[in-house]
Amino acid sequence: MYCYMARQPILDAQKNLYGYELLFRDGESNAFPNINDDEATSKLITEHHLLMGVEKITGGQLAFINFSADTLIHHFPTSINPKSMVIEILETVPISKELMTACKQLHGMGYQLALDDHDFDPKWDIFLPYISMIKVDVQQFNLLQISKYVSRIKHYNVTLLAEKVETAEEFNQLRQLGFQLFQGYFFARPEMLKHKNISSSKLNLMLLIAEASKVELNFDDLSQIVERDLGLSYKLLRFVNSASFAREKPIGSLKHAMVYMGEAELKKFIALLALANLSENNGSELLNMSVVRARFCDQLAALNQDELNPPSAFLTGLFSLVDALLEQPLAGLLQDLPILPEIKSALLEHHGKLGQYLELAKAFERADWESQQQLTRQTLNKAVDLSPVYLEAVDWAHGLMLTAREEDKV
């Protein structure tokens, strides 16, 4: 039986990563409708969670996990460290004395409980003393309804989490109403955010992106670019010497790096370093998602036996959130970014194989398994379980970002 999972970031009011909602599914349940959600969830908890561990999936961040009534009553969550997760209770879960008892016990054991997709029904008020968070689908209510509910429960010590936030305007309004955590695609809707020009000081970074997009790396041109910025050259050398990409001998020059790593790999690192510096400190989780997509798309290209130089699939995934990172509309931004036309076409119109790779990555993020399976067959011409590939990309990105943060402290 295949194990399918996805994760969606949850951010705080400063857009810092707070945790992930984990979306587990039973792949075979999509084909056999007689397997209900409770059974699928139970199988995944018992047969797969204990093998993978939520800490690996979330990179050590807090995990938000949905549990059915039966799994709550039978204390399935206790197989997971209470410091590692938040237990989500759907509004469709039937209220019972057994459920209340289970919630009291789990609360007493140190677990955080959240009412997920909360519908403001007063019947749940008796649970509020044991609830740490309330998740509200903000597309289901208007601001007046939300405001009235917030006022009604203000005496309870609960954290408000807004789900399906789609615009910067909604984000700001909900933050003013008292919401502290946010989940949704507001950060991926750049046209709704303020416009911010790229300063001329970032020209060197854009030139590096252009070099990474070329078929053949021109070492003379690359040297001229990095020589203008000693700090950038230093970071690049520290990056390729990092623990994640260590070689038998330390790398002392860019030319040495090319010999050891090969041009295609070096181009990936150049592009990643350039994007990380181009985005500065705006949205570390967005950069992390970009790296996951880059690695996943790159692995798909390898499975499809695509030409890997230039690393177009990697660059497609890496730049798929550049609009959110730089807070500019994607179409206008790509006019200024010196990347290959086929990458631009994939990013703007989802055209070609590169567009399919990116759509597959997004399907995993949304836990849209029907689309994922259809796209897999279209892209690879056969049914393949890509969940291990995606999980490896998540793990790879986590290691890379962890190394980058350690390097920044030096």
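1. Let's start with helix α4, where the buried residues are Leu99, Met100, Ala102, Cys103 and Leu106. Buried here means under 20% relative accessible area, exposed means over 50%, and partly exposed lies in between (1.4 Å probe, protein chains only). These five span an arc of only 160° around the axis, which puts them on the same side of α4; the arc is taken from the directions from the helix axis to the C-beta atoms. As a reminder, an α-helix has 3.6 residues a turn, so residues three or four places apart point the same way.

2. A word on what you are looking at: this is a predicted model, in which local features need pLDDT of at least 70 and side-chain atom pairs count only at pLDDT 80 or more, while totals for chains, interfaces and linings use all residues. Residues are numbered from 1 along each chain as its sequence is written, and side-chain values use heavy atoms, with hydrogens and water left out. Helices (H or I, at least four residues) and strands (E, at least two) are DSSP runs, numbered from the N terminus.

3. Back to α4, which covers residues 97–108. Its 12 residues reach 16 Å from the first C-alpha to the last, close to the 16 Å expected at 1.5 Å a residue (the expected span is 1.5 Å times one less than the number of residues). The buried residues pack against α3 (69–73), β4 and β5, whereas the face turned away from the buried side carries the exposed residues Lys97 and Gly108. After the helix comes Gly110, with a positive phi near 100°.

4. Next, the strands around α4. Together, β4, α4 and β5 make a right-handed β-α-β unit: with the strands pointing away from the viewer, the path from the first strand over the helix to the second runs clockwise. Strands β4 (residues 85–90) and β5 pair in the parallel sense over five bridges, and Ile87 has Leu113 of β5 as its bridge partner. Two strands pair if DSSP finds at least two bridges between them.

5. On its other pairing, β5 runs parallel to β6 (residues 133–137), joined by two bridges; Leu115 is partnered there by Ile134. Four of the five residues of β5 (residues 112–116) are buried, so this strand is largely enclosed by the rest of the structure.

6. Now the charges. The structure holds 11 salt bridges, each a side-chain nitrogen of Lys or Arg within 4 Å of a carboxyl oxygen of Asp or Glu. One of them joins Lys135 to Asp116, with the closest N and O atoms 3.8 Å apart. This pair links β6 to β5 across 19 residues of sequence, and both Lys135 and Asp116 are buried. They also belong to a salt-bridge network with Glu21, Glu88 and Glu163.

7. Helix α12 is worth a look too. Arg293 forms a salt bridge with Glu365, the closest N and O atoms being 2.7 Å apart; Arg293 sits in α12 (residues 284–303) and Glu365 in α17 (residues 352–366), 72 residues apart. Arg293 counts as buried at 6% relative accessibility, and Glu365 is buried at 11%.

8. Glu392 lies in α19 (residues 387–409), so the pair ties together parts that are 97 residues apart in sequence. Arg295 is buried at 17%, while Glu392 is partly exposed at 29%.

How values were computed
Contact = heavy atoms within 4.5 Å.
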